[in-house]
Amino acid sequence: YYHAPFPGYKETFYRTGDLVQMTEDGDYKYIGRKDRQIKTRGYRVELDEIETILVSHKQVEEAAVFTIPDAEGSTLISAAVTLKDNQNVAESELMTHLKNRLPRYAVPKKIDITENFPRTTSGKIDRRALQQQAVSSNEYWWRHQSVDKEREKLDTKELLRRYISQQLLDGRKNLDVEENLLTSGMIDSHGIMRLLVYIEETFGL
């Protein structure tokens with residue numbers, strides 16, 4: 001928050017991190033984000049926060065967190081790390097390190113442990129190159145195509161039932177497609193908003 005720098009104004013403003021440009025008619029055109037905040041499964045996540053927590057692990061030298069698309073038209077979080085000299089750590093240990101410090105939706109789906117990072121001309125970690133490597137990997141495309149083929153066999157109700165069961169109810173399998181989620185108390189209004197985001201991203205509504 002910060003106070004308006006204009007004489008005679010006492011309003012307090014909230015810094016959203018959004019970058020906009022005022023158009024000739026007085027409206028605002030959205031350009032992008034000042035930070036690296038992304039939206040995944042209806043949640044807003046700060047990628048820099050995930051990197052900071054990864055680097056806080058005693059065996060990690062550097063960390064890079066980036067996004068990749070999934071087969072449902074949403075965004076997945078992926079990460080890569082380099083280790084300090086003569087150090088060795090398993091991906092599962094790094095996952096546990098994150099799960100103890102982050103909400104479930106902010107934990108990357110995968111953490112690659114690599115010897116070196118691709119670099120930009122200025123020497124910074126090239127996250128875009130890491131993103132391209134992840135998307136072009138055989139493992140990514142195998143998962144992507146497998147889910148895509150599975151979706152073709154499912155009707156809309158079943159797709160929604162699976163998303164609600166797996167993403168909103170932590171794996172509950174006996175969900176009835178005719179069940180009223182709000183009156184039954186299974187999910188709250190925030191869960192409904194996440195469901196609406198999924199419907200919009202998946203079906204283009």
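Visitor: Which residues does Gln 59 touch, not counting those up to four places away in sequence?
Guide: This is a predicted model, where local features need pLDDT of at least 70 and side-chain atom pairs count only at pLDDT 80 or more, while totals for chains, interfaces and linings use all residues. Residues are numbered from 1 along each chain as its sequence is written, and side-chain values use heavy atoms, with hydrogens and water left out. A contact here means heavy atoms within 4.5 Å. Leaving out residues up to four places away, Gln 59 touches Leu 83, Lys 84, Gln 87, Asn 88, Val 89 and Glu 93.

Visitor: Is Gln 59 buried or exposed, and what is its relative accessible area?
Guide: Look for Gln 59 in the loop between H1 and strand E7 (60–69); helices (H or I, at least four residues) and strands (E, at least two) are DSSP runs, numbered from the N terminus. Buried means under 20% relative accessible area, exposed over 50%, and partly exposed in between (1.4 Å probe, protein chains only). Gln 59 counts as buried, with a relative accessible area of 11%.

Visitor: Within what arc do the buried residues of H1 fall?
Guide: Helix H1 covers residues 47–55, and Leu 47, Ile 50, Glu 51, Ile 53 and Leu 54 are buried in it. To get an arc, take the directions from the helix axis to the C-beta atoms. The buried residues of H1 line one face of the helix, because seen down the axis they fall within an arc of 165 degrees.

Visitor: What does Leu 54 touch, if we skip residues up to four places away in sequence?
Guide: Leu 54 belongs to the buried set of H1. Skipping residues up to four places away, Leu 54 touches Val 60, Ala 63, Val 65, Ala 79, Val 81, Leu 98 and Ile 111.

Visitor: How many of the 9 residues of E8 are buried?
Guide: E8 is largely enclosed by the rest of the structure. That's because the buried residues in E8 number 8 of the 9.

Visitor: In E9, which residue is the bridge partner of Ala 79?
Guide: Two strands pair if DSSP finds at least two bridges between them. E7 and E8 run antiparallel, joined by 9 bridges, and there Val 65 stands opposite Ala 79. E8 and E9 run parallel, with 4 bridges. In E9, Ala 79 has as its bridge partner Ile 111.

Visitor: What is the handedness of the β-α-β crossover from E8 to E9?
Guide: A crossover is right-handed if, with the strands pointing away from the viewer, the path from the first strand over the helix to the second runs clockwise. Here the chain goes from E8 through H2 to E9, and the crossover is right-handed.

Visitor: How far apart are the ring centres of Tyr 43 and Tyr 105?
Guide: Rings of Phe, Tyr and Trp (its six-membered ring) pair if their centres lie within 6.5 Å; planes under 30 degrees apart count as stacked, over 60 as edge-to-face and the rest as tilted. A search of the whole structure turns up 1 aromatic pair. Tyr 43 and Tyr 105 have their planes at 0 degrees, so the pair is stacked, and the ring centres are apart by 3.7 Å.
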